[in-house]
Amino acid sequence: ILTIGIESSCDETSVAVVKNGREVLSNIISSQVEVHKIYGGVVPEIASRRHIEVIDYLLDEALEEAGISLEDIDVVGVTAGPGLIGSLLVGVSYAKGLAFALGKPLVGVNHIAGHISANFIEHRDLEPPLLCLVASGGHSHIVGVRDYTEFEIIGKTTDDAAGEAFDKVARILGLPYPGGPNLEKLAAGGDPCAYEFPKSYPSRRDYNFSFSGVKTAVLNLVNSLKMRQEPVPGEDIAASFQKNVVEVLIDKLINAAIDFNYDKVAIAGGVSSNKALRQKLKEEAEKAGLKFYYPAPVYCTDNAAMIACNAYYEYLRGNISDMTLNAYPHIGLKRIG
Ligand code: ATP
Ligand code: MG
Ligand code: FE
């Protein structure tokens, strides 16, 4: 079965062809980083227009690289939420047109479920159940993955998402958009023990996160240094902030795995490409006797291969969308349709 995946929820347009849910034949990604850089963040209206401009070409490229033609497609999968409404509508409308014209089934995919599915693409033998940390620009969830399409949210952020905190702290340190990867680069040259920012555990007993406190602590530190006209040691601050966030994420994930009896843990979403997180979690998971899985960086950030993977499993379970499929910007981790 050949599934085409279409992703346009934020500032990446992507089209992929995936065979039997897990074999990536092509995964074409067009990033809008350069377009939004001058504004310091994603401008939704510009993002939607940009998706419209490139999506047709990406489909051609994805088919060509996969060595197939339009008629070979069996399933059309598309991100229908959560994300930016205008951006989502471009992909959803395009996918509806495509599925209707080809007479092939359409599957609306949840973007967060897509991020989780990146692990199934990377590790072809990996099967649920497993526990997955989703740390992205808009979400920080600990998700029990009971089956390919069955999820249970065990914990989530009570304020900022992890990626959002990285982006905001990057901005405080004067780094250009996109903040997360730039902050990681800056942190590489710093001392992670230079500053002890408050560890944000809303409660020791649950599995929820809070990242606004550490963000504010960085802001207050930078402001007071500037006020006293002292130099701002960006590298040390970045490294200390990164250590703080990484440790909280790992602590909660491992506790949840033990408490809920999962023997496999995985990570997903843009923040999961962070090397400090990957390295530290590898060590901690080993200590706790857990198997640890993580996707290649290209499958951590937004891409259509992960969307095609989830669409395939939804299709197998008969969860097909019809032409009333809409965009659902705030849907959370619920099934589409
Ligand atoms: P969501 O998936 O929640 O809708 P999104 O699609 O914008 O949000 P992703 O594309 O999954 O999020 O990830 C982007 C986020 O990941 C950004 O906040 C970015 O700063 C962060 N990020 C990317 N690379 C890194 C890194 N190496 N270290 C830390 N954060 C990173
Ligand atoms: Mg992005
Ligand atoms: Fe995403």
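Predicted model: local features only at pLDDT ≥ 70, side-chain atom pairs only at ≥ 80, totals over all residues.

Q: What makes the protein chain as compact as a globular protein of its length?
A: The protein chain has 11 helices and 10 strands. Its radius of gyration is 20 Å, and the globule rule gives 20 Å for 337 residues, so the chain is as compact as a globular protein of that length. Along the principal axes, its C-alpha atoms fill a box of roughly 65 × 45 × 30 Å.

Q: How many of the residues count as buried, and how much of the contact total comes from residues 24 or more positions apart?
A: Of the 337 residues, 51% count as buried. Among contacts with a separation of 6 or more, 74% are between residues 24 or more positions apart.

Q: Why is serine 136 called buried?
A: A residue is buried if 20 or more other C-beta atoms lie within 10 Å of its own. Serine 136 has 24 C-beta neighbours inside 10 Å, so it counts as buried. Its place is in the loop between strand 6 (130–135) and strand 7 (140–147).

Q: Which residues does serine 136 contact, leaving aside neighbours within four places in sequence?
A: The contacts are His115, Ala161, Gly163, Gly269, Gly270 and Val271.

Q: What makes glycine 138 buried or exposed?
A: The cut-off for buried is 20 or more other C-beta atoms within 10 Å. Glycine 138 has 20 such atoms, so it is buried. Glycine 138 also lies in the loop between strand 6 and strand 7. Apart from neighbours within four places in sequence, glycine 138 is in contact with Pro82 and Ala161.

Q: Which residues does UniProt list under "binding site" together with Gly138?
A: An unreviewed UniProt entry lists Val134, Ala135, Ser136, Gly137, Gly138, Asp167, Gly180, Glu184 and Asn274. Another "binding site" annotation from UniProt, also in an unreviewed entry, covers His111, His115 and Asp302.

Q: How do you know that His111, His115 and Asp302 cluster in space?
A: These residues are spread over 192 residues of sequence, yet the largest C-alpha distance is 8.8 Å.

Q: Why is histidine 115 called buried?
A: Histidine 115 has 31 other C-beta atoms within 10 Å, so it is buried. This residue lies in helix 4 (residues 111–122). Not counting residues up to four places away in sequence, histidine 115 touches Val134, Ser136, Ala268, Gly269 and Met306.

Q: Why does aspartate 302 count as buried?
A: The count for aspartate 302 is 26 C-beta neighbours inside 10 Å, so this residue is buried. Its place is in the loop between helix 10 (297–300) and helix 11 (305–316). Aspartate 302 touches Glu7, Ser9, Cys10, Glu12 and Ser14, with residues up to four places away in sequence not counted.

Q: What surrounds ligand 1, and which residues are the closest?
A: Ligand 1 is surrounded by 26 residues, and the closest are Gly137, Gly138, Gly163, Gly180 and Gly270. At least two residues of the shell come from each of helix 4, helix 5 (162–172) and helix 6 (179–187). By class, the shell has six nonpolar, 16 polar and four charged residues.

Q: What makes strand 1 mostly covered?
A: Strand 1 (residues 2–7) has six residues, and five of them are buried.

Q: How do you know that strand 1 and strand 2 pair?
A: Two strands pair if DSSP finds at least two bridges between them. Strand 1 and strand 2 (residues 12–19) have six bridges, in the antiparallel sense. A hairpin of four residues joins strand 1 to strand 2. Isoleucine 6 stands opposite valine 15 in strand 2.

Q: In what sense does strand 1 run with strand 4, parallel or antiparallel?
A: Strand 1 and strand 4 (residues 75–81) run parallel and are joined by four bridges. On this side, isoleucine 6 stands opposite valine 78 in strand 4.

Notes:
Residues numbered from 1 in each chain as written. Chains lettered and ligands numbered in written order. UniProt positions renumbered as here; feature names shortened; annotations may be inferred. Buried ≥ 20, exposed ≤ 12 C-beta atoms within 10 Å, placed from the backbone. Contact = placed C-beta atoms within 7 Å. Rg over C-alpha atoms; globule rule 2.2 N^0.38 Å. Near = placed C-beta within 6 Å. Nonpolar A, V, L, I, M, F, W, Y, C, P; charged D, E, K, R; others polar.
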